[in-house]
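This briefing covers a ligand site and a few backbone details in one protein model. Please read it alongside the sequence and the coordinates.

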Amino acid sequence: MLKIRPAAPGEALAPLAAIDTSFTTDRIYRVQRTALSFSLEEEVIAPPYHKTYTFDDPVAELRDMDQLLIAEWDQKLAGLIGLKYEAWNRRLGVGHLFVAPPHRGKGVGRGLIEAAVEYARSTEARCLWLETQNTNYPAVRFYLRAGFRLCGLDESLYDPRGPGRGEVALYFARDL
Ligand SMILES: CC(C)(COP(=O)(O)OP(=O)(O)OC[C@H]1O[C@@H](n2cnc3c(N)ncnc32)[C@H](O)[C@@H]1OP(=O)(O)O)[C@@H](O)C(=O)NCCC(=O)NCCS
């Protein structure tokens, strides 16, 4: 059964950092633009797109979070969400949200979001906020089902020469 708990003080972060962050999708959101507008259109792609989220120092990234919530399924790691508060605009940023592949589609991600909302309500935060990419069709569908709304995009965030080239950043928020 699913249990969600905050990371314990001093808890080893390496097992959390080792969670499989990859996904595969046969569709993406293609960003169409005019001079003053954007729209996102679902596009089937072949071959499917496979991506693994990588971090230079994943343990340091997790340590940098204000709050880490861990999902366990029958006492085994099933997923995690990392949260970081921005005081100047009172947004609680979702830095990491990953569910281990065998546990996807079972409500673990939704459980983590609801636990994050509960935590957020104990702070001064006014919304949850996050970034994903136009290539992460499964995550976009998930965030819409989990009560988020698209609140912006940035087609210049990723360096065409670097990781993430060709991707457009999409921003989502869920008001508290
Ligand atoms: C995106 C992710 C966190 C979703 O977690 P999950 O535990 O599989 O999602 P849940 O089972 O809680 O699903 C919740 C809702 O989202 C929907 N959803 C989840 N995955 C979906 C998918 N691939 N396509 C369409 N809808 C999806 C579910 O249908 C469900 O909706 P419903 O309950 O209203 O029917 C998980 O798939 C994941 O870790 N992906 C890889 C890493 C990643 O992309 N992280 C986000 C980076 S921004």
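Predicted model: local features only at pLDDT ≥ 70, side-chain atom pairs only at ≥ 80, totals over all residues.

Residues are numbered from 1 along each chain as its sequence is written, and side-chain values use heavy atoms, with hydrogens and water left out.

**Ligand shell**

- The ligand is surrounded by 21 residues, a residue being near a molecule if one of its heavy atoms lies within 4 Å of it.
- The closest of these residues are Val99, Gly107, Gly109, Asn136 and Arg145.
- By class, the shell around the ligand holds eight nonpolar, seven polar and six charged residues. Here Ala, Val, Leu, Ile, Met, Phe, Trp, Tyr, Cys and Pro count as nonpolar, Asp, Glu, Lys and Arg as charged, and the others, Gly among them, as polar.

**Polar contacts and burial of the ligand**

- A polar contact is a pair of N or O atoms within 3.5 Å; within protein, one must be able to donate a hydrogen and the other to accept it, and residues adjacent in sequence count only if both atoms are side-chain atoms.
- A polar backbone atom of Val99 lies 2.8 Å from an oxygen atom of the ligand.
- Asn136 places a polar side-chain atom 2.7 Å from an oxygen atom of the ligand.
- For Arg145, a polar side-chain atom is 2.7 Å from an oxygen atom of the ligand.
- The ligand taken alone exposes 920 Å², and the protein buries 76% of that; these areas come from the Shrake-Rupley method with a 1.4 Å probe.

**Elements around the ligand**

- Strand E6 (91-99), helix H3 (108-121), strand E7 (127-133) and helix H4 (137-145) are the elements that give two or more residues to the shell around the ligand. Helices (H or I, at least four residues) and strands (E, at least two) are DSSP runs, numbered from the N terminus.
- H4 gives the most to this shell, with five residues.
- Phe142 is placed in helix H4. With a relative accessible area of 25%, Phe142 is partly exposed; buried means under 20%, exposed over 50%, and partly exposed in between (1.4 Å probe, protein chains only).
- Phe142 and Leu40 are 102 residues apart in sequence, and their C-alpha atoms are 16 Å apart in space.

**Cis peptide bond**

- The peptide bond from Ala46 to Pro47 is cis, with omega near 0 degrees.
- Pro47 belongs to strand E3 (residues 37-51).

**Loop between E4 and E5**

- Asp74 lies in the loop between strand E4 (67-73) and strand E5 (76-86). Although Asp74 is not a glycine, its phi is positive, at about 50 degrees.
- Asp74 counts as partly exposed, at 45% relative accessibility.
- Gln75 is placed in the loop between E4 and E5. Its phi is near 70 degrees, a positive value in a residue other than glycine.
- Gln75 is exposed, with a relative accessible area of 73%.
- Asp74 and Met1 are 73 residues apart in sequence and 5.2 Å apart in space, C-alpha to C-alpha. A polar atom of the Asp74 side chain lies 2.2 Å from the backbone nitrogen of Met1.
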